[in-house]
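Subject: Structure for you to look at, with notes

Dear colleague,

I am passing on the structure we talked about, together with some notes on what turned up in it. Please keep it open beside this message as you read.

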Amino acid sequence: MRLSRRALLAATTAAAAVPSAASASERHRQLRTGFERLAADGYSVLEGQKVGIVTNPTGVTRDVRHIVDVMHADERVNLGAVFGPEHGFRGTAQAGGSEGRYDDPATGLPVYDTYLKSGRPLADIFTASGVDTVVFDIQDVGARFYTYIWTLYDCMEAAQLAGRRLVVLDRPNPVTGRAAQGPVLHKEFATFVGRQPISQAHGMTVAELARLFNEEFLTTPLPLETVGMTGWRRSDFFDASGLPWVPPSPNMPTPETALVYSGTCLFEGTNLSEGRGTTRPFELLGAEGIDGRWAATANELGLPGVRFREAYFAPTFSKFQGKTIGGVQLHVHDRAAYDPVRTGIALLVTAKRVWSGFAWRADNWIDKLTGSTRVRTMIDAGASGDEVVAGWQQELAAFRRMRKEYLLYK
């Protein structure tokens, strides 16, 4: 019997999707992503459907083949379209950019641009593509202002409007799912870096968020299916997954970046560099005129799990491009104890205290990132980091109670 190329690739894919043989306990423990489980089950969830997939470079198998290439080569899947988010399907665009509409050279599939599209315009794209089911598979990093979870929300809303089914393939939260942390968005500050009132570090996977979005925030829930993981525990950091790390965006090069991001991304709302244009974005922070006093002041706080090193660097793009500036580098030495949001707030407070040049961005972008005016106004009024953190505890407790209903893993 002769096998077609697609059938041969399908057999190879199914084998690769299943974890290699090991002891019974290891087989039970090894993480399997939503895609691995989907493939191992013969794509039965997608049977008889024309499928479109929302994904980016992180949509890979554990042997780093892109799932679009894998599914396109498999006769069991009728893959008809790809939908690219911010940075694009193949990841060629920088922050605030996308790839536009084109045909993918590798597969010939039409690629549609979803970036900054929502509601009826996005529903019209789903309709024009001719797909019956929209699949979502993108690696998140656990922060409210990381835009892929709002691409998910927008796609859910648009799929409901277009009468399409939506399937979410789950992947790990790389910074664990232990707890939600930080302020909760106030609805009047909703933007693409926060559509709905969730906490700044949500501590959820994309499948859990999809369940929450569907029941709590969509005006009319849609037909939603999630393909969960096996072998993932809420206390797991990304290195426990055995999966390859593919940068979800150009300035998220490592899991260590994701670990600090939900706190230090707040520096996007200031005139300090958040480390874009360096090899350690969000771990390096600084500006012209800052010296070792900032690191010394931050270290005096004794924040759990982290130390600060006086650092000097010259960003190759973004703020202070080509200029040597001073600041700090974060060194997380105890991930379990580290609180990224509390640390980010403490760094804002100390930066303002030691550097006379400190300023918020003129458009008050910090309010969009934190979800209200509270962080900015409290810091301007001289509040300590702990006082700022205390200010959001009541709303955070309410979100944690709501979140608990939608968690899929222990």
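A crossing of two helices is called left-handed if the near helix is turned anticlockwise from the far one by less than a right angle, and right-handed if it is turned clockwise. Please bear in mind throughout that this is a predicted model.

With that term in hand, I would begin with the helix pairs. Helix H6, which covers residues 148-162, packs against helix H7, residues 206-217, at an angle of about 45°, and the axes of the two lie 10 Å apart. That angle makes H6 oblique to H7, and the crossing of H6 and H7 is right-handed. On the H6 side the contact is made by Ile149, Trp150, Leu152, Tyr153 and Met156, while H7 brings Val206, Leu209, Ala210, Phe213, Asn214 and Phe217. Sorted by class, the residues of this contact between H6 and H7 come to ten nonpolar and one polar, with no charged residue.

H6 also packs against helix H5, residues 119-129, here at an angle of about 65° and with the axes 8 Å apart. H5 and H6 are therefore roughly perpendicular to each other, and their crossing is right-handed. From H5, the residues Gly119, Arg120, Leu122, Ala123, Phe126 and Thr127 meet Asp154, Cys155, Glu157, Ala158, Ala159, Leu161 and Ala162 of H6. The contact of H5 with H6 has eight nonpolar, two polar and three charged residues.

Next, the empty spaces. Rolling a probe the size of a water molecule over the atoms shows where empty space is left. The structure holds three cavities of 30 Å³ or more, and the largest cavity has a volume of about 80 Å³. Its lining is made up of Thr58, Val60, Thr61, Arg62, Gln139, Arg171, Phe238, Leu243, Pro244 and Val246, which by class gives five nonpolar, three polar and two charged residues.

Helix H8, residues 255-264, gives the most to the lining of the second largest pocket, namely three residues. That lining divides into nine nonpolar, five polar and two charged residues.

Which residues does arginine 307 touch, not counting residues up to four places away in sequence? Counted in that way, arginine 307 touches Asn299, Gln329, Leu330, His331 and His333. Arginine 307 and alanine 295 are twelve residues apart in sequence, and their C-alpha atoms are 8.5 Å apart in space.

With best wishes

How values were computed. Residues are numbered from 1 along each chain as its sequence is written. This is a predicted model: local features need pLDDT of at least 70, side-chain atom pairs count only at pLDDT 80 or more; totals for chains, interfaces and linings use all residues. Side-chain values use heavy atoms; hydrogens and water are left out. Axes are lines fitted to C-alpha atoms, for helices over the stretch in contact, and angles run from 0 to 180 degrees between N-to-C directions. Helices (H or I, at least four residues) and strands (E, at least two) are DSSP runs, numbered from the N terminus. Angles under 35 degrees count as roughly parallel, over 145 as roughly antiparallel, 65 to 115 as roughly perpendicular and the rest as oblique. Contact means heavy atoms within 4.5 Å. Ala, Val, Leu, Ile, Met, Phe, Trp, Tyr, Cys and Pro count as nonpolar, Asp, Glu, Lys and Arg as charged, and the others, Gly among them, as polar. On a 1 Å grid over the protein atoms alone, a cavity is a set of points where a 1.4 Å probe fits but cannot get out, and a pocket is an open set with protein on both sides within 12 Å along at least five of seven lines; lining residues have an atom within 4 Å of a point. Grid points are joined across faces, edges and corners, and a volume is the space filled by probe spheres set on the points.
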